[in-house]
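Have a look at the sequence and the model, then read on.

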Amino acid sequence: MSKFLTQRLQSFAAYTPGEQPKNAETLIKLNTNESPYPPSPKAMEALTKTSIEDLRLYSDLSASALISALSEDLQVPRDQIICGNGSDEIIYFAMLAFGTRGVSFADITYGFYDVWAKVSGFSIQILPLDQGFNINPEDYTTNDRMVIIANPNAPTGIALPQSAIETIVNGNPDQVVLIDEAYVDFGGESAIPLIEKYDNLLISRTFSKSRQMAGARLGFALGNAELIRDLNKIRYSINPYNVNSLTQALGTASIKDKDYFDWTRSEIIRTREYTVEALGKLGFSVMPSSCNFVFAKPPRISGKAYQDGLRQRNIFVRRFELARIENYLRITIGSMPQMKRLIEATKELICS
Ligand SMILES: *Cc1c(COP(=O)(O)O)cnc(C)c1O
């Protein structure tokens, strides 16, 4: 740390991303919820020589083709969509725009909410999940702060029905409620039908999980046109060319390839069901997952012993050193052969 660092940030703990080990080919990487599949073949075709030559120009400020494709796919008007450099950027823009009076979120959820609120100096209200790791919608009504909820939640994988989201949005007419739908394509119920009805609802989505494009950095938000205008104001105040032109082209092609999207997510869901059942048979407690990962606790051994044992067998999974969940592992759903290897390794570890 230099002597120049802002006082407030000196004891500040930044977000810790999941490990990105070298030699990734030789190991099974189930720790950052990436897809085992490549992006759509149509996206690969979009990466032409011309698209690379065009890098000399700034990217399209209005992400016109991409927003049109999203608009058509999701049946949401163009002026109700904004794209970002990953959904991380969009959620942070939203916090800057709407979080100055403070931000409320769960104790066990996406770790970045806490980091962004802290780096911005905003006050934080933590609303703990119940014993079963569920969100109680009643906790979120009569709130005087911006609300952020990941639905389905991470790292638990548990989804709230649209009716519960509506209770929360309806109960906070003077606050923005941001629903982070990073994992919704794997079985959650989207709040998109509610954006016409509520002017305080914002939804974020990403291409990182269900569209196999984590490295392209592409996310977007949907909501009332005025909320989107506010977010664009923040964007134009920080980084107007936030989505590069190659990513715009890849994203547009990916959205248009509905067949591949449906095939990959149904493969992930099928492989998840296999994994849930196999871990359950081995005595794990597994939370009901609507995501491309499962959150599970091993029998007999600690979470750390299980994670270390897997690692010795070249399998990486994620664990959070947090009260209530330190013995749980968040295991990304990879390909079927990868998950079969995980189950074999698991048998060795818990039956020895
Ligand atoms: C992965 C993830 C994101 C961030 O996605 P990017 O689009 O890659 O920035 C946001 N929210 C949750 C809950 C996530 O798991």
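How many nonpolar, polar and charged residues does the shell around the ligand have? By class, there are 3 nonpolar, 4 polar and 4 charged residues. Here Ala, Val, Leu, Ile, Met, Phe, Trp, Tyr, Cys and Pro count as nonpolar, Asp, Glu, Lys and Arg as charged, and the others, Gly among them, as polar.

## Ground rules

This is a predicted model: local features need pLDDT of at least 70 and side-chain atom pairs pLDDT 80 or more, while totals for chains, interfaces and linings use all residues. Residues are numbered from 1 along each chain as its sequence is written, and side-chain values use heavy atoms, with hydrogens and water left out.

## Around the ligand

The residues surrounding the ligand include Gly86, Ser87, Asp88, Tyr110 and Tyr183. Helix α4 (residues 86-98) gives the largest share of this shell, 3 residues; helices are DSSP runs of H or I, at least four residues, and strands are E runs of at least two, numbered from the N terminus.

On the polar side, a side-chain atom of aspartate 180 sits 2.6 Å from a ligand nitrogen. The protein covers 93% of the 390 Å² of accessible area that the ligand has on its own (Shrake-Rupley method, 1.4 Å probe; for residues, only the protein chains shown count as cover).

## The whole protein

The protein has 11 helices and 12 strands. Buried residues (under 20% relative accessible area, 1.4 Å probe, protein chains only) make up 54% of its 352 residues.

Note on methods
A residue is near a molecule or strand if one of its heavy atoms lies within 4 Å of it. A polar contact is a pair of N or O atoms within 3.5 Å; within protein, one must be able to donate a hydrogen and the other to accept it, and residues adjacent in sequence count only if both atoms are side-chain atoms. Buried means under 20% relative accessible area, exposed over 50%, partly exposed in between (1.4 Å probe, protein chains only).
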